[in-house]
Amino acid sequence: MKKIKVAVAGLGRIGKIHLNNLCRNIVGIEVVAVMDVVEESAKIADEYGVSLFFGNFDELIVLEELDAVVICSPTDTHADQVIKAARAGKHIFCEKPLDLSLDRVMEVLKVIEECDVQLMLGFNRRFDPDFEKIHEMVFNDSVGDPQIIKITSRDPGPPPLSYIKVSGGIFLDMAIHDFDMARYISGKEVEEVFAAGAVKVDPGIGDDGDFDTAVITLIFEDNTLAVIDNSRKAVYGYDQRLEVFGSKGMACADNNYPNNHKLFTQEGMSGDLPLHFFLERYQESYQKEMKQFIEALVNGNAMPVGAKDGLMSIVIGLAATKSAKEKRPVKISEILR
Ligand SMILES: NC(=O)c1ccc[n+]([C@@H]2O[C@H](COP(=O)([O-])OP(=O)(O)OC[C@H]3O[C@@H](n4cnc5c(N)ncnc54)[C@H](O)[C@@H]3O)[C@@H](O)[C@H]2O)c1
């Protein structure tokens, strides 16, 4: 069978994870090229035995043999690169979010449809084994009718201010994963968002009007409620917990730890801190999401996380941003008219 030929654009934190998985953990594909605007990244191509390195996306995307591109560049370049890839007839995996402007997202989705290429969004948490299990328990009715979804999502430390400035802010950069998780777990659409934001970690984050701490309430179409709390800095590590409370019971997933030892003494009890950050915590989910992207391409199936998921997560993020700024509940219909 013909090997799918893939390229990776953007070789930063997440680009290296996807490149590693594509080169070392997925069969039936070939990474034919990588691209980054920083020339030094050519070393990464050598490290993985990828023969072509480009410093420019326009040169990469016209490669005749290329079937698909994995876009891991900064958020403010996604829309432009997705459009160029679609027009060149390449299938696309794009990291979240697609763009920060709804008009631009709509334009991207229109081009994807016109060009008849596949688009998958990088909502990796859907592929985490614990969260997949909770999803299954909701959909096989083990917890009954979901009533409250609780998501805790706190990073061990903030990224550099240079990243934060182009990220879209805490709701579109960070909480966007939680909005997608709430939709995935409930299988329902959100109707209203009420968000509060604060600057508790780094005043620099607040300088451009962003927040580093947030609490968000989502109200779904069937009145299910979700509550999400976010922080850019949890001193004990990456805190990723999920709970679904329903009419028949409750399902929850705790953090993952490097090991489960506990020490009990007369002073108290201790154990290891949670796995430090997304690289460690979601290692398996990144591998599974990339495998499913490739499988969907090989089998011609619909992408497991598609254009609508990309759109709705942004719409909820925009509603949350507006809600926190204006200090009032915001209906999804105010954003998506
Ligand atoms: N799904 C996840 O868990 C996850 C985790 C982290 C980041 N992300 C997303 O991935 C994207 C990248 O984040 P990151 O943390 O890897 O950032 P990063 O800053 O670590 O890396 C970005 C890389 O892109 C390169 N770059 C800059 N401009 C470029 C361009 N025009 N074309 C190609 N490459 C370019 C930079 O040189 C750098 O190597 C962001 O959109 C972010 O939201 C997703």
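A residue counts as buried if 20 or more other C-beta atoms lie within 10 Å of its own, as exposed if 12 or fewer do, and as partly exposed in between, with C-beta atoms placed from the backbone. The structure is a predicted model, in which local features need pLDDT of at least 70 and side-chain atom pairs count only at pLDDT 80 or more, while totals for chains, interfaces and linings use all residues. Residue numbers start from 1 along each chain as its sequence is written.

- Six strands make an open sheet with parallel pairing, in the order 3-2-1-4-5-6; strands are DSSP runs (E, at least two residues), as are helices (H or I, at least four residues), both numbered from the N terminus.
- Strand 3 (52-54) and strand 6 (119-121) are the edge strands, each pairing on one side only; two strands pair if DSSP finds at least two bridges between them.
- On average, neighbouring strands of this sheet are turned by 20° against each other, direction ignored; the axes are lines fitted to C-alpha atoms, and angles run from 0 to 180 degrees between N-to-C directions.
- Strand 5 (residues 91-94) runs parallel to strand 6 and is joined to it by three bridges.
- Within strand 6, Leu 121 is the residue opposite Cys 94.

- A second open sheet, of seven strands in the order 12-11-7-10-9-8-15, has mixed pairing.
- Its edge strands, strand 12 (249-253) and strand 15 (330-331), each pair on one side only.
- Strand 8 (residues 190-198) and strand 9 (residues 213-220) run antiparallel and are joined by eight bridges; the bridge partner of Gly 197 in strand 9 is Ala 214.
- Strand 9 is also joined to strand 10 (residues 225-231), by seven bridges in an antiparallel arrangement, and Ala 226 in strand 10 stands opposite Leu 218.
- The hairpin of strand 9 and strand 10 has four residues between the strands, and Asn 223 there takes a positive phi near 75°.
- Five bridges connect strand 11 (residues 239-246) to strand 12 in the antiparallel sense, and Gly 249 in strand 12 stands opposite Gly 246.

**Ligand shell**

- The ligand has 25 residues around it, of which Gly 10, Gly 12, Arg 13, Ser 73 and Glu 95 come nearest; a residue is near a molecule if its C-beta atom, placed from the backbone, lies within 6 Å of it.
- The shell contains 11 nonpolar, nine polar and five charged residues, where Ala, Val, Leu, Ile, Met, Phe, Trp, Tyr, Cys and Pro count as nonpolar, Asp, Glu, Lys and Arg as charged, and the others, Gly among them, as polar.
- Helix 1 (residues 13-24) gives the most to this shell, with three residues.
- The ligand lies between domain 1 (4-117) and domain 2 (125-282 + 313-335), because both give residues to its shell; the bounds come from an automatic or database domain assignment.

**Nonpolar core**

- In the largest nonpolar core there are 88 residues, and Ala 7, Val 8, Val 34, Val 69, Ile 92 and Ala 175 have the most contacts inside it; such a core is a set of buried Ala, Val, Leu, Ile, Met, Phe, Trp, Tyr and Cys residues joined through C-beta atoms within 7 Å.
- Helix 13 (residues 307-326) supplies the largest share of this core, seven residues.
- Domain 1 and domain 2 each contribute at least three residues to this core.

**Loop residue Asn 301**

- Asn 301 sits in the loop between helix 12 (283-299) and helix 13.
- Asn 301 counts as exposed because it has 11 C-beta neighbours inside 10 Å.
- From C-alpha to C-alpha, Asn 301 and Tyr 286 are 19 Å apart in space, and they are 15 residues apart in sequence.
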